[in-house]
Structures are given as C-alpha cells and as structure tokens.
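Please read them with the model open beside the text.

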Amino acid sequence: MNSHDVTVLGYLAVLLAGVILQLLATRTRAPIPPLGKVLAWAMNTRTRRIGMLVAWAWVGLHFFAR
Amino acid sequence: MLVNHPSTTGGPSAEEGAGTGQNGAPLPTVRTGPRRVATALTGLREPIVVILFIIAFLTWISGKPLDGVLMLVVAVSLTWDAARRSRRGNPGEGPPAAGPAAGEAASATGTISDEAASSTGTISEAASATGPGVQQAGRAAEQDAPTAGARHQRWRPALAWLAGAALYVLVVGSFIRYSWPATVAIIGLGAAVVVTGWRGARRSRPATGRLPATGLALWGAVLVAGGLWELAALLQQPNLATGSYAHPTISTLTDPVLSTWAGRSIVLAGWLGLGWFLVER
C-alpha cells in the first residue's frame, strides 16, 4: 500500500464516518441529528446562511471556473 | 454584485452620519475614527467572516485570484452587514424572514383559489341545469377540481425549474473546465444564489430548535477531519498549484471524472441539487 492508497483511504474513512453518523441519526435513537437538520440549523442566521451558500458557490468556482 | 439590497438594510450608513429614526428621533452619529474601527471589528467577530477572509487569502495564493476576489467581496460585505446590525442592535441575526417569497406564495394561493372558485361555479351551473345524478357528479367534481388545479399549479414551476437545471447542466457541462464560458456560468449562478440567500429564506419553516451538542460535535469532527486530511495532502504537493499523485487532493482525484462532458454534467447536477437544498433551508 503506497501513500496514494493511504490518502484515498483517508478520504473514504471520512466519507464512511459521515454515512455511519447519518445512519445512526435516522435509524437509531442516538442523540445525533441528521445532516439535513444540521445544515438547516447551520443556516439559522443570516451570516451563517451566507457563509454556507458562499461555500457552495466556492465549490463550483474551484472545480469549474478559472 | 453582493451589495446589500436597500430594502433589507434600510437607514443611513455610518458614513452618512446622523439621520432621523422612525419617530423623528436623531440617530447617533458615528463619524469618529476609533468608533468606526470598533464597528468594523465587531463585524470581524463573526467566525464565518474570518473563515471567508482566510479562504480568500488561500484561494488567492493558490493561483485563483478571481475566486479570491469574490470571496473577499463577500467577506467584506458580511463584515459591514454584521457590524451595521450589531451597531443598531438589529435582530436580523435571528432566523431569516420568509421575505417576498411568502407574499408570492400567498398571491399564488389566491390565484389558485380564484381559478378554482370560478371553475366550480361553472360546474355548479351546469349541474343545476340537468338531473340529480349529474348534480351529484357535479358536486364530486367540485370537490376534486380545486385539488387537481392546485396540484397542477404546484407542479408547473417545479417542472420549469427542473428543465432549466437540466439545460444548465448539459450546456455548462459541455464547456471546458476553467474556460471563460464555464467561469461566467458558474459565477453568475453562484452570485444569484448568494444574493437570494442574503434576502432571507425563500419560505418560512419551523424553527430548528436546539440540536444535541454531542451530535453536532460528531458532525463537526467529521468535517474537521476531512478538512485536515485534504490540507495535509495539499501541503505535500510540490506546490499549491501542482497536483501530486502520491498525495492527491479531492481536486486531483476528481480530475479524470471532470475531464469528460458526462462527468462534468453529473457533478454539476449534484452541485445544483446541493445548492437547491441549501436555498430551500
């Protein structure tokens, strides 16, 4: 296993952790809110709302715009 | 581009000096230098503002000055907005108001009701001119007609948005990455969404309330872990603008996918879907 594989495995581990949290939130009574509720909470104020939307716009800019 | 709309800001700015309040009472003058600096620093107390300034700086030095400038514009606008609200003790930091969307929804409902009323009226007249069996059928139609009409009215804009999104995805997906057409299309949509978000939520929703701190911490930990892992890969590249096979960032890993029209279109569809989800929150 080389460093490339280790790096990719790291990303997959983070993704897997997110999936597990979402499953725990929706399938069990664990005190974990689903991601949708977290995002809704994160957008409760104008500053955070703009921050989230700008982060979304930045992703598009990063991958497609010069 | 990202300047606050007058209707949402209202009132004179600090630079305009003292004006009069709603009851004719004079507003405090904030022309003094130290006071102005303190006001600006109040805006900088928002963590998101600081994060945006950092993103702007890092984006700039990693060879994407246009992105950096756009982030800087938003960060400065948010600083100004947060400072202004703080100075006025404005409760604008609460849950965003429904804004004009609520009025639009109300007017749309009114239109639906009017149309339904006029159509049921016609059905009633036709039914009264015929026998009781037909009258029964007419009454059933009266009950069904508004529902069908409302459903039709509800789906029409959704289908129009869906068609527009599909067209956007296919057309912009056909543009080469980092080309000017792609840049203009992405910046145009991104700016429109941010401006829309600045005006408040599209519709009112029940308050989220307090979320369990443990759950929030866990989600935060996943986000931070992902960010740090990406940062570690980024810092192990030959330089910030050159990708590394040994330590690939997410951008490097997605390059093969985004080199094809289909790949770009699929990623753009996901990006649009996420944006729609956020705008609807």
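1. Helix α8 (residues 213–235) of chain B has the highest mean pLDDT, 95. Helix α1 (residues 6–9) of chain B has the lowest, 39. Helices here are DSSP runs of H or I with at least four residues, strands are runs of E with at least two, and both are numbered from the N terminus.

2. Some ground rules. This is a predicted model, in which local features need pLDDT of at least 70 and side-chain atom pairs count only at pLDDT 80 or more, while totals for chains, interfaces and linings use all residues. Residues are numbered from 1 along each chain as its sequence is written, chains are lettered from A and ligands numbered from 1 in the order in which they are written, and side-chain values use heavy atoms, with hydrogens and water left out.

3. Treat parts of chain B with care. The mean pLDDT of chain B is 74, and 65% of its residues reach 70 or more. Over residues 1–31 of chain B, pLDDT stays under 50. The model still gives that stretch 48 contacts beyond four places in sequence, a contact being heavy atoms within 4.5 Å. Residues 97–131 of chain B also have pLDDT below 50. That stretch has 29 contacts beyond near neighbours in sequence.

4. Now the make-up of the chains. Chain B has ten helices and zero strands. Chain A has three helices and zero strands. Buried residues make up 28% of the 281 residues in chain B and 45% of the 66 residues in chain A. Here buried means under 20% relative accessible area, exposed means over 50%, and partly exposed lies in between (1.4 Å probe, protein chains only).

5. The accessible surface of chain B comes to about 16,700 Å², with 68% belonging to carbon and sulfur atoms. For chain A the figures are about 3,300 Å² and 70%. These areas come from the Shrake-Rupley method with a 1.4 Å probe; for residues, only the protein chains shown count as cover. In chain B, 58% of the contacts with a separation of 6 or more join residues 24 or more positions apart.

6. The predictor gives the complex an ipTM of 0.94 and a pTM of 0.69.

7. Look at helix α2 (residues 35–42) of chain A. Val38(A), Leu39(A), Ala40(A) and Ala42(A) are buried there. The cover over the buried residues of α2(A) includes α3 (46–64) of chain A, together with α8 and α10 of chain B.

8. One salt bridge crosses the interface of chain B and chain A. The rule asks for a side-chain nitrogen of Lys or Arg within 4 Å of a carboxyl oxygen of Asp or Glu. Asp81(B) and Arg46(A) meet at 2.9 Å, N to O. Asp81(B) lies in helix α4 of chain B and Arg46(A) in helix α3 of chain A, so the pair joins two chains. Both Asp81(B) and Arg46(A) are buried.

9. The whole structure has three salt bridges over all chains. Another pairs Arg177(B) with Asp255(B), their closest N and O atoms being 2.9 Å apart. Arg177(B) is in the loop between α6 (132–174) and α7 of chain B and Asp255(B) in helix α9 of chain B, so the pair ties together parts 78 residues apart in sequence. Arg177(B) is buried, at 13% relative accessible area. Asp255(B) is partly exposed, at 34%.

10. Then check Lys64(B) and Asp67(B). Their salt bridge has its closest N and O atoms 3.7 Å apart. Lys64(B) is buried at 13% relative accessibility, and Asp67(B) is buried at 0%.

Notes
pLDDT is the predictor's confidence in each residue, from 0 to 100.
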